[in-house]
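Me: I would like to learn how to read a structure, feature by feature. Please give me the general idea each time, then the case at hand.

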Amino acid sequence: MQFADLVADYERLEATSKRLEMREILVGLLRKVPPLELPALVYMMQGELRPEFEGVELGVADSLAARAVAQATGASEKAVSESLRSTGDLGSTTELLLPKRAGRLDTEPLRVEEVYAALERIARASGAGSQDLKIRILVELLARSSPAEAKYAVRFVLGKLRLGVREMTIVDALSFAFADGSKEARGQVEAAYNRSSDLGLVAEHVATGGVHGVEKIHIQVGRPIRPMLAERSPDLSDVLRRMDGRAALEYKYDGLRVQGHVPAEGPVQLFSRRLESISTQFPELVKELPKALRHRPAIVEGECVPVDPETDELRPFQEVSRRRGRKYDLERLQEEVPVRLFLFDVLLDHEGPTVDKPFPERRRALEALVHDSERVRLATQRIVDSEPEAEKFFDEAISAGCEGVMAKSLSEGSTYRAGARGFWWIKYKREYTHALADSIDGVVVGAFYGHGRRGGRYGALLLAVYDSDEDRFETFCKVGSGFDDATLEALPSKLKPFEVPEKPESVFTELKPDVWFRPAVVLEVRGAELTLSPIHRAGVGKIRPDAGLALRFPRFTGRWREDKDAENATTTAELISLYRSQVRQISAGGSSDEAT
Ligand code: AMP
């Protein structure tokens with residue numbers, strides 16, 4: 001196929017936003033090409049050379065492309081940048097500046113395969129001298145292009161093709177081009193795409209074998225599966241009703257979704273929810289995941305969450321996002337932002353794909369597969385069949401640092417539905433997140449020894465508020481964040497004078513720190529919010545039986561309240577009223593978190 005023909009279709013696609021029209025253009029285009037050339041065509045339609053999960057990048061920066069355009073058009077770099085200022089698009093600038101093709105008839109018309117091959121060479125060029133090589137290939141390509149062809153070639157190279165063709169429009173077009181276009185045919189094509197995330201592969205199969213051809217596409221280690229998605233629900237009673245009164249509730253961890261592919265042999269690959277390869281960003285998970293599994297091969301899914309290695313508590317999601325997209329400092333970030341992967345599903349194990357099994361069977365398979373390790377754990381789960389049980393579990397999830405719960409259907413139909421959103425999974429989150437308005441002055445009643453970098457020092461302090469009615473100190477958090485190195489170093493000697501061999505009578509807690517202190521030292525902390533907690537004892541029973549209040553994501557502000565003695569710290573009554581003012585803010589309509 002000539003590149004000019006493809007470009008003509010690109011122009012038609014760009015000119016319309018109507019899905020049906022797009023489909024018509026695509027159907028015509030797909031039928032023009034022999035099956036073996038279809039994958040390349042389909043990837044190119046999406047501005048890619050390979051399926052996105054392979055992460056093939058052309059690696060051409062704007063400035064580099066601008067230089068190539070100057071060379072190919074004979075314009076000065078200044079003229080290029082001036083034109084760029086008015087067009088806003090280097091592709092259009094190239095089209096304007098490139099001499100018309102008349103007079104250059106000495107060259108053969110460009111074929112799509114040639115363009116693809118040139119782009120592939122640009123992508124492959126790496127290491128010393130690769131920038132020059134990339135420019136050279138691009139200049140050669142542009143020199144053989146018509147202005148319109150050059151426009152798209154440049155946009156492609158810059159990753160700005162943007163024809164507006166969505167994956168599902170291609171799925172649609174494939175089912176019309178090579179099958180009868182029925183709902184069923186479309187469903188089969190889409191399912192194959194959901195299993196493989198590779199539209200080129202699907203195109204080739206459907207072109208050669210029709211809808212039955214795509215049945216041959218199986219789940220395969222190394223090829224991400226499009227993730228199953230959850231519906232949402234306004235409250236827990238609605239959740240239970242939709243699940244026939246009984247459901248598996250799981251902590252809804254707030255982190256990054258990770259699909260881990262562990263081949264029988266060889267390195268593990270990790271994919272994000274958007275199916276990008278993220279293996280290089282989490283080398284410790286790549287290393288640890290196979291060790292946490294009893295068998296391989298396997299494909300497992302989980303949430304990667306930042307943890308505080310000192311307190312073992314979860315940290316806010318924002319911290320793990322610091323590790324995304326990083327190329328440098330990976331070692332340091334591994335230490336600074338340690339993560340843990342909480343596995344919640346298995347899509348393939350050593351006996352084969354598990355996606356067609358109902359969820360309870362998959363969970364059993366997952367439990368049989370995984371043994372908890374430092375970095376890899378099973379997602380906490382409980383089967384509930386009443387609203388109070390569900391609420392209790394929800395509170396536990398929140399106080400463990402999660403953003404809510406994920407309810408999962410236990411029915412026969414609860415298979416893993418790749419790429420689909422449905423009521424087999426229902427998320428129920430807190431409707432708000434806001435920083436707690438006030439800081440809290442906590443009394444140090446205990447300390448935990450540190451691990452890793454904090455070995456030999458204190459890793460976290462156990463803090464309490466003062467209950468003046470009971471005259472006792474009730475714990476509300478373990479704080480390990482916000483201490484700089486010098487403070488950490490000084491902590492043991494600072495607290496030494498207050499050390500006691502056993503829990504003081506006046507301290508009320510379920511926790512057992514490594515070192516106990518007589519309540520004396522007060523420090524200021526801030527946190528995200530107050531939550532109901534099964535472990536902390538502050539204000540226990542005042543809001544809900546058996547639940548105390550805990551501060552979520554506590555952080556030392558750096559302020560020692562030397563002006564306060566223990567009895568002048570924040571009181572239990574103040575903590576309760578802070579909690580209540582939060583609850584009032586929620587019912588007054590705190591902002592809801594709609595991120596998906
Ligand atoms: P949302 O991003 O709010 O639509 O919620 C769905 C996301 O929650 C999933 O894509 C996962 O990344 C995440 N998640 C956290 N914990 C779980 C869990 N136990 N089961 C399934 N998904 C979970």
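Predicted model: local features only at pLDDT ≥ 70, side-chain atom pairs only at ≥ 80, totals over all residues.

Me: Which residues of helix 14 are buried?

Reply: Residues are numbered from 1 along each chain as its sequence is written, and side-chain values use heavy atoms, with hydrogens and water left out. Buried means under 20% relative accessible area, exposed over 50%, and partly exposed in between (1.4 Å probe, protein chains only). Helices (H or I, at least four residues) and strands (E, at least two) are DSSP runs, numbered from the N terminus. In helix 14, residues 283–291, the buried residues are E284, L285, V286, E288, L289 and P290.

Me: Which elements do the buried residues of helix 14 pack against?

Reply: Look for contacts, meaning heavy atoms within 4.5 Å. The partners include strand 3 (256–262), strand 4 (269–272) and strand 5 (298–306). Helix 16 (330–336), strand 6 (339–349) and strand 8 (376–378) are also packed against these residues.

Me: Which residues are closest to the ligand?

Reply: A residue is near a molecule if one of its heavy atoms lies within 4 Å of it. Here 15 residues surround the ligand, and the closest are E250, R257, E303, K408 and K427. By class, the shell has 6 nonpolar, 1 polar and 8 charged residues. Ala, Val, Leu, Ile, Met, Phe, Trp, Tyr, Cys and Pro count as nonpolar; Asp, Glu, Lys and Arg as charged; the others, Gly among them, as polar.

Me: What distances separate ligand atoms from the side chains of E250, R257 and K408?

Reply: Check for N or O pairs within 3.5 Å, the polar-contact cut-off; within protein, one atom must be able to donate a hydrogen and the other to accept it, and residues adjacent in sequence count only if both atoms are side-chain atoms. An N or O atom in the E250 side chain is 2.9 Å from a ligand nitrogen. For R257, the distance from a side-chain N or O atom to a ligand oxygen is 2.8 Å. A polar side-chain atom of K408 is 2.7 Å from a ligand nitrogen. The protein buries 94% of the 490 Å² that the ligand exposes when taken alone. Such areas come from the Shrake-Rupley method with a 1.4 Å probe; for residues, only the protein chains shown count as cover. Strand 2 (247–252), strand 10 (404–408) and strand 11 (421–429) are the elements giving two or more residues to the shell.

Me: Why does T415 count as buried?

Reply: Read the relative accessibility. T415 has 17%, so it counts as buried. T415 lies in the loop between strand 10 and strand 11. Leaving out residues up to four places away in sequence, T415 touches M228, V355, D356, K357, P358 and R362.

Me: Is G541 buried, partly exposed or exposed?

Reply: G541 is partly exposed, because its relative accessible area is 42%. G541 sits in the loop between strand 19 (529–533) and strand 20 (548–552). With residues up to four places away not counted, G541 touches D546 and A547.

Me: How many helices and strands are in the protein chain?

Reply: Now step back to the whole chain. The protein chain has 20 helices and 21 strands. Of its 596 residues, 54% are buried. The domain assignment, automatic or from a database, gives domain 1 (3–157), domain 2 (229–433) and domain 3 (440–585). The centres of domain 1 and domain 3, taken over C-alpha atoms, are 61 Å apart.
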